[in-house]
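Please keep the sequence and the model in view while reading.

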Amino acid sequence: MFSTQGPFFFPVAHFVLFVFTASTIFHLQQRLAKMQPTPAVQKLEGAATRPGAPVNRPPRSMWTINAIGRLGNQMGQYATLYALAKLNGRPAFIPAEMHSTLAPIFRITLPVLQGTLAGRVPWWNYHLNDWMEEQYRHIPGEYVRLTGYPCSWTFYHHLRADILREFTLHEHVRAEAQGFLRGLRVNGSQPSTFVGVHVRRGDYVHVMPNVWKGVVAHRGYLEQALDWFRARYSSPVFVVTSNGMDWCRQNINDSLGDVVFAGDGVEGSPAKDFALLTQCNHTVMTIGTFGIWAAYLAGGETIYLANYTLPDSPFLKVFKPEAAFLPEWIGIAADLSPLLKH
């Protein structure tokens with residue numbers, strides 16, 4: 001009897017153990033599979049985190065901003081989007097045209113929103129003033145497109161380290177500017193202090209008096225600004241850039257041998273002029289976002305043109321000087337007499 005029952009009991013025990021083990025492995029595989037993202041989600045997440053990567057399908061939430069104006073305007077729009085999206089806990093994406101403007105100069109990291117995708121997103125346009133407002137801390141909406149010309153430190157100055165990192169020059173751009181500055185001499189000696197000078201001319205020569213009841217920088221302002229640095233630093237060199245270089249050569253006194261007319265004034269390719277300004281120690285600016293951003297990135301001391309519109313100028317409805325110029329920057333009042341004559 002024993003010899004016939006023994007073989008029957010032994011295989012059943014092994015069979016039960018096999019079924020239990022196989023069942024456990026199967027259920028573990030099922031749970032692990034649920035924990036892994038699908039290939040489509042993995043692909044989207046990868047595209048959204050790689051610097052400058054194009055995004056081809058919309059995630060559940062995304063913010064962007066209009067890309068209008070030239071370099072200084074788009075830098076302001078980029079920095080504002082970066083700050084407000086972070087403040088509101090939303091992912092930020094830049095338009096392809098903004099990437100085309102900024103990426104050749106800076107090491108920006110926000111992902112790129114391709115045009116084909118942008119057209120399929122149900123955007124809610126949200127207009128911004130040029131300065132920070134309390135309501136911008138709580139902007140509703142999953143798909144928000146910020147609009148306007150924001151360019152104010154009040155949006156992003158609390159993230160200054162981030163903004164400086166986003167607008168770090170590419171090494172070849174920085175090296176070219178540094179190479180030029182190293183070759184400069186003041187009366188035969190290499191200067192130890194470099195002051196970038198940006199003079200905005202171009203369309204502003206006509207727009208400011210005729211539209212905004214304002215003026216651009218005059219000769220007297222630039223003399224005061226350069227003398228301010230001459231009184232404080234030994235043998236500084238002034239590196240002048242402008243979109244009106246002929247006017248600068250005629251109106252900025254270079255008889256002391258400390259002024260270099262370095263800019264090429266090509267508005268369509270501003271990288272050279274902008275890089276030179278940011279690699280200087282200090283800044284003299286006139287008006288415009290190009291000069292504001294050059295001063296912000298350069299650091300150091302900044303002289304700017306102040307009070308350059310009449311008190312009833314419509315410009316003051318869209319522009320707040322106290323929100324554009326850092327409190328520590330030093331303003332020299334503009335000469336408004338040409339406006340008063342009319």
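## A buried pair across the chain

F167 and W293 are both buried, a term that stands for under 20% relative accessible area, with exposed meaning over 50% and partly exposed the range in between (1.4 Å probe, protein chains only). This is a predicted model, in which local features need pLDDT of at least 70 and side-chain atom pairs count only at pLDDT 80 or more, while totals for chains, interfaces and linings use all residues. Residues are numbered from 1 along each chain as its sequence is written, and side-chain values use heavy atoms, with hydrogens and water left out.

## Ring pairs and a cluster

The structure contains 20 aromatic pairs, where rings of Phe, Tyr and Trp (its six-membered ring) pair if their centres lie within 6.5 Å, planes under 30 degrees apart being stacked, over 60 edge-to-face and the rest tilted. In W124 and Y126 the ring centres are 5.4 Å apart and the planes stand at 75°, so this pair is edge-to-face. Y126 is buried at 15% relative accessible area, whereas W124, at 39%, is partly exposed.

F167 and W293 also pair edge-to-face, at 5.2 Å centre to centre and 80° between the planes. One aromatic cluster includes F167 and W293 together with Y78, F106, Y156, F274, F290 and Y296.

## Charges over rings

The charged end of R160 sits over the ring of Y296, 4.4 Å from its centre, the criterion being NZ of Lys or CZ of Arg within 6 Å of the ring centre and within 35 degrees of the ring normal. R200 likewise lies over the face of Y204, 3.8 Å from the ring centre.
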